[in-house]
Amino acid sequence: METVLFRSRRFKTGDVGPAMTLSSRPEPSPRDLPRLQVIYTAIGAGVGSLLPFLVLYLTWRGLSPTQAGLVIGMMSAVGVLAVPAWGLLADRVLGVTRALRLSFLLAAAGGVVLLLAGRSTPLIALSAVALAAVRAPGEALADTLTVVLLRDAATRFYGRVRLWASIGFAVAVAVWGFVLSRTSLALVLVAYPTAMLVAAGTVGAVRARVPAPRTSSTTIPNAAPVDNGRVLVGPFLWVLGGALVFGIGMGASITVLPLRLTAVGGGVGMVGAASVVGAVGEVPLMMFSDRLRGLWGARSVLLLGGGLFAVAMLLYGVLGVASGIVAACAVRGAGYALVYVGFVLTVGMLLPPGLQARGQALLQTTLMGVAPIVGASLGGYAFSHTSSGLLFGTCGALVLGGAGLACGGVRHARST
């Protein structure tokens, strides 16, 4: 099992920022897991209450569909640029917990500002972009906090913690969709700040338990210098490359899935159900991912995740009934759970603590930022020019190939 998180390494703080050996950090508290679960639940609930309904909110505020699409596109682009910057800030200046808490607080304020922007298109656009910049690092920094706080136990408990984001997302989409259909879309930006405040308050409870960055003049006796450039290439690039290929296939499939559901007779309700079923499908595999890794090894589980995702893609292409495609989303969720957990834990094992925030930020930027943008563009074009079978079959090949590519980094992590 990959319980060798940074084992027997020592780092010079001036080289990697807030670096420390594992032995220099306090043991995880029994209260850490519930607190981390609350943080992830709030993250998932915040995303589920905002993003699926954001385009509806923007058009309700008076933007045309084209304007709303441009605003969401700008938010995605800003988010891609902001996540690595937040990772650097966390590693070098604030520390993970302070940076994460600041992001949550600013995201809560950003949601309120967007709500108060009224029907002014320029103010709405500026507020939305600002919100994207401050909310973007939430998941990457939460992953960093979990890996650093749980130390070697992260391989056992990360999946059990991360699954609460999926639960929060599924519940928020289902409940908030029902509430909004009977009230006002203005409530979109009431629920989101509330979730972010809950997350910020919970991060504060673990703030004193994770060391803050040390000054560059502080060194660890007998420490060996770490070459940041060397650490961030090599095996780490295998993981990023795998995340890029996997994310392109994932992004293309998610973009065209609503179109596929509509083409076979499904409506808006089926599109929403697909999101909920996919999120629910993630939960059991995240819960038992550590056991699977112990039984079969990290590379086998990563490939299993890619294979399950690929099977779901094939089902999307061949099934002609909307309910069948929605059911296949559970298989997609299971595959995504195994792949995502594998990516995060591999980065955690490959990089020293002082590079964790940047490493997880680069992973998120690649997997959830750059790759989906490329995939969405290619998927939209392919849907109009190829058959559904060929489109989703290609997506399946990409996600499986991405998982296989990332195994190069897993292999190195096992031997570290």
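**View 1. Salt bridges of the predicted model.** Two salt bridges are counted, each a side-chain nitrogen of Lys or Arg within 4 Å of a carboxyl oxygen of Asp or Glu. The structure is a predicted model in which local features need pLDDT of at least 70 and side-chain atom pairs count only at pLDDT 80 or more, while totals for chains, interfaces and linings use all residues. Residues are numbered from 1 along each chain as its sequence is written, and side-chain values use heavy atoms, with hydrogens and water left out.

**View 2. The Arg358 and Asp91 pair.** The closest N and O atoms of this salt bridge are 2.8 Å apart. Arg358 lies in helix α16 (residues 356-385) and Asp91 in helix α4 (residues 65-94), so the pair ties together parts 267 residues apart in sequence. Helices are DSSP runs (H or I, at least four residues), numbered from the N terminus. Arg358 and Asp91 are both buried; buried means under 20% relative accessible area, exposed over 50%, and partly exposed in between (1.4 Å probe, protein chains only).

**View 3. The Arg162 and Glu139 pair.** Here the N to O distance is 2.7 Å. Arg162 belongs to helix α8 (residues 154-182) and Glu139 to helix α7 (residues 138-150). Arg162 is buried at 5% relative accessibility, whereas Glu139 is partly exposed at 21%.

**View 4. Helix α5, residues 96-116.** The 21 residues of α5 reach 30 Å from first C-alpha to last, close to the 30 Å expected at 1.5 Å a residue. Its buried residues include Val96, Leu100, Phe104 and Leu114. Just after α5, Gly118 has a positive phi of about 65 degrees.

Key:
Helices (H or I, at least four residues) and strands (E, at least two) are DSSP runs, numbered from the N terminus. The expected span of a helix is 1.5 Å times one less than its number of residues.
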